Every structure is written in structure tokens, then in C-alpha cells.
Amino acid sequence: EGKVPLELAEKMEGLYAKWFCEGNLTQAQAQMLPKKGDGLNMDWSQLRLGYRLGMCSILALWVCWDCVWGLVRDGHSTIGGRTAFPVFRACAGLLLVHWFWGLSVFIWTRYRVNYIFLFDFNPRIVDTPITIYNDCVDETLVFMILMLLYYKAGANDIPQILPDGFYPLFLVLFTVKELIFPWRKRAPLWTAIWHVITSPIYLPTFFLTYVADVFTSMVKVFQDILWTLCFVISGDFLIPDNSDEQPRHWQHTFWYKNVVIPLICLFPLWIRFSQCLRKYYDTRQRFPHLANAFKYALSQTVTLFGAFHPLYLLTQNKNVVTVSAVSLADDDELYAPHYSRGMNLFQMFWVGAFVTSSLYSWCWDVYMDWGLGRPKHMFLGPRLMYPKRLHYYGVIFIDLFLRFMWVLTLIPPQSGASFEVPNYLSAFTMSVELLRRTLWGFFRLENEHRHNTAGYRRVDFVPLHFSTGHDHKYKQKERAGWNVLAEVAAVTTAVLSVSAASVIVAHKASQIESRGEL
């Protein structure tokens, strides 16, 4: 009579070992045994995470209080106006990416979106959401403490044992260490980043295209990273904020403002553009790959006009003076006023391209990337994996407005344009765009889980975490011919020609406006 429960237990141990322990019965028995303890069966990792989150909250309130109190008391000296603030903003951007990645993993795990299979991850080195949150909390604690010390040292509230610039330097070194170690977990990420940067040499997998899409939302972060590198390499971090010694004006040089910064704005878009062409070359399908490539080509055109000429300056009234900024000839800005009636041809072109690019990107997000917008499904999609329809409608509505803000983030700083995002709002726009990309990722992976949307997988279904023994029928890959290669070359040449023409026309228009001939 007692053999039945034992046989059932042995059967369950065998099944567990086969599915989750690669046939190791001893390991399966160890995992299925109840844990010995105080009998409360509490998850102490959550308690540890909770009290450290409380520490982060207190430090964040402390930093905000000091910044606000300094502004009220002195009228200046907030941390946003300090020299090394872009360093903290760059590290904060990378920290937000880490936090949002933990949130994404939590949502995908909670609603059974098999991101491990879709991204082709190694399950043995994938962190759980609680592990990611613990790492993020540790990084946030270090970030807040160093920011507070930097602010206090600059305000002379603590003894200046070290120069002010050493605190952002320590933050940079700590951030580099977190990006590299532990190498066993970071190596696949850096390999993927290398494959993304060298596109289209490598075949774009779903994860590579996901990383490239995230890069398009990190333009402001990359600009601050470049600023941080120049700040550290030039030795400006050794110069105190209240010193009479002037820092090097590398941020006002031609190579920095008119070469490197525009390239940083364009490079993520070019990566996605080249990945789309590579997918077209491999699949010989003009739609959706060439249509998707056109989306990034249009964004590049908007960025180029914003980088080399402020075509979108607005007149303040009917007969007001419109001011153009020309900074291509030398490091000093030359302002040449001229009278303009309304918007000129260049302004109308830029505004039209700006609106078209934003609406095109939004429609592509909803209809192609998310698989929504189907009228027969109440403008959503079939087989939704998230529980509430209101969440879908809300994100669709939010994405419409944030897409316009995303295009604005592609405009290089200090371009002299009235549409340029002010410096004090850069941290906010950067955070909002990273949040938009996180929301986009929720529904992008849901759609890829339900449908093999772009042919990234050889099979049309997503398997469970254990082997089912199902006999899959694979699709045959077609090889592209010379006609496809020629078409790819033609599209690339056309985009490069339009980009070059944009720069030339913008530069000439800027020179004409500076002479007051328009």
C-alpha cells in the first residue's frame, strides 16, 4: 500500500531530472527537497533588496534637497550647473538602461514571454529579475554617494581632501568595472555590441536588431559618454570648479561640434539602416525590410539638416528678426540677423520631414513591431499575452507623443536652433526616451513570441524551456542573386547621396542666411 506514493515520487523526480536537470537524478532530488530553516520559508533576498532600496531613496531625497536648498539659498551652485554634471548624466543613463533591463526581464518572465529563446541566450548565465535589481541597487548606491560627495565638496560643506573632479573620476572607473566584470556574463553582450557596430558584416539576429534599436534611443547617453572621455583624457577633472584656471575648450572645437557629435547622432541610425539592407539581401523581400530602411533613412535626413543648419528657426512675429547660427567656419559663433516673413522653404522642408519621420516611426511601431492596429481585433492584435487591453491603448497613445520627442533627441546640442532641447532638460528627455524604448520592448517581444514577424527564426513557434521532442519542419533559406545585391547597392547609394546633398544644401543655406540674402 505504501509503494504507490513512493513510485509516484520517483516518477516525479525522474521527470524533473529529465526536464530541468539534464537527467541528473541526484541534482533533481536536491532541488526538490524542502529547504531547512526556521520554518518561515521567507525569501530573504527580497528583504535585502527592500532595505537597500530604502537607502537609495534616502540618498536621492538628500541629493534633491541639497540641490533645491542651494538654489534657494544662493541662487546657483546646483549640481546641474557644475562642470562634471554630464559625467553623472552619462553614468545615470547607463544605470537607467540597467534598471529598465531588469524591469523588462521581470515583465517578460511574469507573462511568459520566452525572451531567453528569442534572444538565443545561454540559460546558465541569465540573471533573474531579483539578481538584476540587486546589482542595480548597488550601482545606484555608489552613484548617489559619489554625486552627494561631489556636490558637498563643491559647496565647501565637507573638507576637500580630494579635488572635486576625483569623485566623477571614481564614478567613471566604477562604471567601467561594472560594464566589464563579471566577464563570463558580460562577454556575450560585448560580442553582440561588436557585431552590431560592424553591421552588416554579421547576419542580424533578433537580439542584434534589438540592441541596435536600443542604441537609437541612447544618442544622448553616447554624447555624454564622449564628453566624459574628453573630460577625463584632457585632464579637466583636475581643475576645481571655483578655480581661476580655465579648462580646455575642446567642446567648442570644430571636430567636436561639427564632426564627432553629428556622427554619434547618425551612427545608430546607420546601423539599423544597414541591418535592414542585410536582411533584404538575405531574404530578397522588399517588404518589410526596405520599408524599414526608409524609416531610418528619413530620420538620418532630419538629423543631418539639424546638425549642419538650423532650418527650423521660428519667427517670433510677423516682421521680427530671425537669427541664424553659423559655427562651421571657426569655433566662435557668428550671428547674422535678417528679416523673414513666416517660414522659408528650408524651414517648411525640415518641419515636414520631422512630422513625417515621427508619424512613420509611430505607425511602424504599432502595426509592424507590435502587431497591433488590426481593426478586426479592436485595433489591437490576436492572442494578446498581457492581461489588460487598456495597457495597449495607453502605450500606443504615449508612444505617439514620445516619438516626436525621440526625433528631437537626434538634433545635436548647441546647434543654435529654437527646437533644440535645453541643456537642463537633457536628463529628462534622455530618461523619457529610455522609458519609451522599454515599453516598446515589452510589446516587440510579445509580437515576436506570437509570430515570426521578420523571419529571424527557422521555426514559427516558440518552444518551452524544456525539450518537447517535437519534429520541427525547417524553412529553406534562399540565396540572394546579383539583382538583389545591385538593388541594395542602389538604395545605399541613394541614401548616401541624399545625406551628402542635405549637408551641402544646409551649409549653403546657412552661409546665405548669414549674409542676409534670403
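This is a predicted model: local features need pLDDT of at least 70, side-chain atom pairs count only at pLDDT 80 or more; totals for chains, interfaces and linings use all residues.

Student: What share of the contacts with a separation of 6 or more comes from residues 24 or more positions apart?

Tutor: Those pairs account for 72% of such contacts in the protein chain.

Student: Let's go inside. Which residues touch the most other members of the largest nonpolar core?

Tutor: That core has 40 residues, and the ones touching the most other members are Trp108, Phe119, Trp370, Tyr386 and Leu445. Several elements give two or more residues to this core, including α4 (85–110), α6 (129–154), α9 (206–216) and α15 (426–450). Helix α9 gives the most, with 8 residues.

Student: What does Leu445 touch, leaving out residues up to four places away in sequence?

Tutor: Leu445 touches Trp108, Val113, Tyr115, Leu118, Phe119, Phe206 and Tyr210. There is also a second, separate core of 37 residues, and Cys56, Leu59, Tyr167 and Ile261 are among them.

Student: I keep seeing aromatic names. How many aromatic pairs does the structure hold?

Tutor: It holds 35 aromatic pairs. Take Phe88 and Phe143: their ring centres are 6.1 Å apart with the planes at 70°, so this pair is edge-to-face.

Student: Which helices do Phe88 and Phe143 lie in?

Tutor: Phe88 is in helix α4 and Phe143 is in helix α6, so the pair ties together parts 55 residues apart in sequence.

Student: Why does Phe88 count as buried?

Tutor: Phe88 has a relative accessibility of 1%, and buried means under 20%. Phe143 is buried as well, with a relative accessible area of 7%.

Student: What about Tyr210 and Trp440: why is that pair called stacked?

Tutor: Their planes are at 25°, and planes under 30 degrees apart count as stacked. The ring centres of Tyr210 and Trp440 are 6.1 Å apart. This pair links distant parts of the chain, with Tyr210 in helix α9 and Trp440 in helix α15, 230 residues apart. Both residues are buried.

Student: Which aromatic cluster do Tyr210 and Trp440 belong to?

Tutor: They form one cluster together with Trp101, Trp108, Tyr115, Phe119, Phe121, Phe206 and Phe207.

Student: Changing topic: where does the charged end of Arg82 sit?

Tutor: The charged end of Arg82 sits over the ring of Tyr150, 4.3 Å from its centre. Arg110 has its charged end over the ring of Tyr111, 5.1 Å from the centre of that ring.

Student: One more: is Asp369 buried or exposed?

Tutor: Asp369 is buried, with a relative accessible area of 11%. The residue lies in helix α13, which covers residues 345–369.

Student: Which side chain does Asp369 join through a polar contact of 3.2 Å?

Tutor: That contact joins the side chains of Asp369 and Trp440. Not counting residues up to four places away in sequence, Asp369 touches Lys295, Trp364, Trp440, Phe443, Arg444 and Asn447.

Notes:
Residues are numbered from 1 along each chain as its sequence is written. Side-chain values use heavy atoms; hydrogens and water are left out. Helices (H or I, at least four residues) and strands (E, at least two) are DSSP runs, numbered from the N terminus. Buried means under 20% relative accessible area, exposed over 50%, partly exposed in between (1.4 Å probe, protein chains only). A polar contact is a pair of N or O atoms within 3.5 Å; within protein, one must be able to donate a hydrogen and the other to accept it, and residues adjacent in sequence count only if both atoms are side-chain atoms. Contact means heavy atoms within 4.5 Å. A nonpolar core is a set of buried Ala, Val, Leu, Ile, Met, Phe, Trp, Tyr and Cys residues joined through side-chain atoms within 4.5 Å. Rings of Phe, Tyr and Trp (its six-membered ring) pair if their centres lie within 6.5 Å; planes under 30 degrees apart count as stacked, over 60 as edge-to-face and the rest as tilted. A charge sits over a ring if NZ of Lys or CZ of Arg is within 6 Å of the ring centre and within 35 degrees of the ring normal.
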